[in-house]
Amino acid sequence: MLLSQVLRDLYLHGMEYCLFFSPGEGHPVFSKDQIISVLEKGEGERSVSELTKLCPSFSTLEDLLEKNVLGKQSELLVLKDSDLRILPVSSILGMAGGEVEAGVPLWWDAPLPFVSWAGGRFSANRKAAEVLNGIPVPRREGPEFLCEVSGGKCFLFREIHPAVYLVDDVSEDMGNAREMTWWAAVGKAFVSHLRGKGCSVEKTTEAPSSADDELDQVLACVWDEDILGYLRVKDGKKS
């Protein structure tokens, strides 16, 4: 990202400070005026990664907190690599303990359920911890996979970032699918039983009429109060 873009975003969001997420350097913080000063020297097309060299008089996040220039509820424009987000200082301090170091993106604490296997270690954000109820999940192959856990729960994981997956609780959908599969199997068993007794069984979409042969039985096939069709059963022994 270029310095000119950072300044544009500061004005766009009405922010006074930007922070470069760099725990090793104490999280350098630059004011809007400092960036303007650098741009006035014709350095607007330089990368943000060079700002600490172009403006060596920066302060760290800890310095500004000690001087009460910033508080824990102060919001900053936070940059890490090409990722940009507005965060309160309290969130930045919470992420400094290693979650982002392990490869978790800055939007990790968004109110959506994310899990990660970055660095070979499973972790879940607050929302995912609620959804999974603290159950660790082994990583499977592919960008999308299902995982069934104890208690009849089933979760769908979809990769949205390297090693980061969005979690969906699909237990109800899977339960409905199992119910449909069960009744489909019951239907097949029933038809096989009738044919084994010599009956003729045919599918039809037409409702029975009074002109139907009295020897025929027409059974309505209903699912969720909707008629999906009919089974016409004729006893071959009586025909």
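Is E202 buried, partly exposed or exposed? E202 is partly exposed, because its relative accessible area is 46% (buried means under 20%, exposed over 50%, partly exposed in between, with a 1.4 Å probe and protein chains only).

## Basis

This is a predicted model: local features need pLDDT of at least 70, side-chain atom pairs count only at pLDDT 80 or more, and totals for chains, interfaces and linings use all residues. Residues are numbered from 1 along each chain as its sequence is written, and side-chain values use heavy atoms, with hydrogens and water left out.

## Overall fold

The protein chain has seven helices and 13 strands. Helices (H or I, at least four residues) and strands (E, at least two) are DSSP runs, numbered from the N terminus. Of its 239 residues, 33% count as buried.

Contact means heavy atoms within 4.5 Å. Among contacts in the protein chain with a separation of 6 or more, 44% come from residues 24 or more positions apart.

## Strand β11

E202 lies in strand β11. E202 touches Y230, L231 and R232, leaving aside residues up to four places away in sequence.

T204 is buried, with a relative accessible area of 17%. Its contacts are G229, Y230 and R232, not counting residues up to four places away in sequence.

## Helix α7

Helix α7 covers residues 171-196. At 1.5 Å a residue, its 26 residues should span 38 Å; the expected span is 1.5 Å times one less than the number of residues. The end C-alpha atoms are 37 Å apart, which agrees.

S171, V191 and L194 of α7 are buried. The buried residues of α7 pack against β9 (154-161), β10 (164-169), β11 (199-204) and β13 (226-235). G198 follows α7 and has a positive phi, near 90°.

## Aromatic pairs

The whole structure holds nine aromatic pairs. W182 and W183 form an edge-to-face pair, 6.3 Å centre to centre with 65° between the planes. Rings of Phe, Tyr and Trp (its six-membered ring) pair if their centres lie within 6.5 Å; planes under 30 degrees apart count as stacked, over 60 as edge-to-face and the rest as tilted. W182 is exposed, at 53% relative accessible area. W183 is partly exposed, at 44%.

Ring pairs also link W117, F122, F145, F157 and Y165 into a cluster. F157 sits in strand β9. F157 is buried, with a relative accessible area of 0%. Not counting residues up to four places away in sequence, F157 touches V115, W117, L132, V137, P143, E144, F145, C147, Y165, L166 and V167. The C-alpha atoms of F157 and G142, 15 residues apart along the chain, are separated by 9.8 Å.

## Helices α1 and α2

The axes of α1 (residues 3-13) and α2 (residues 32-39) come within 10 Å and cross at roughly 145°. Axes are lines fitted to C-alpha atoms, for helices over the stretch in contact, and angles run from 0 to 180 degrees between N-to-C directions. The contact is made by L3, S4, V6, L7, L10 and Y11 of α1 and K32, I35, I36, V38 and L39 of α2.
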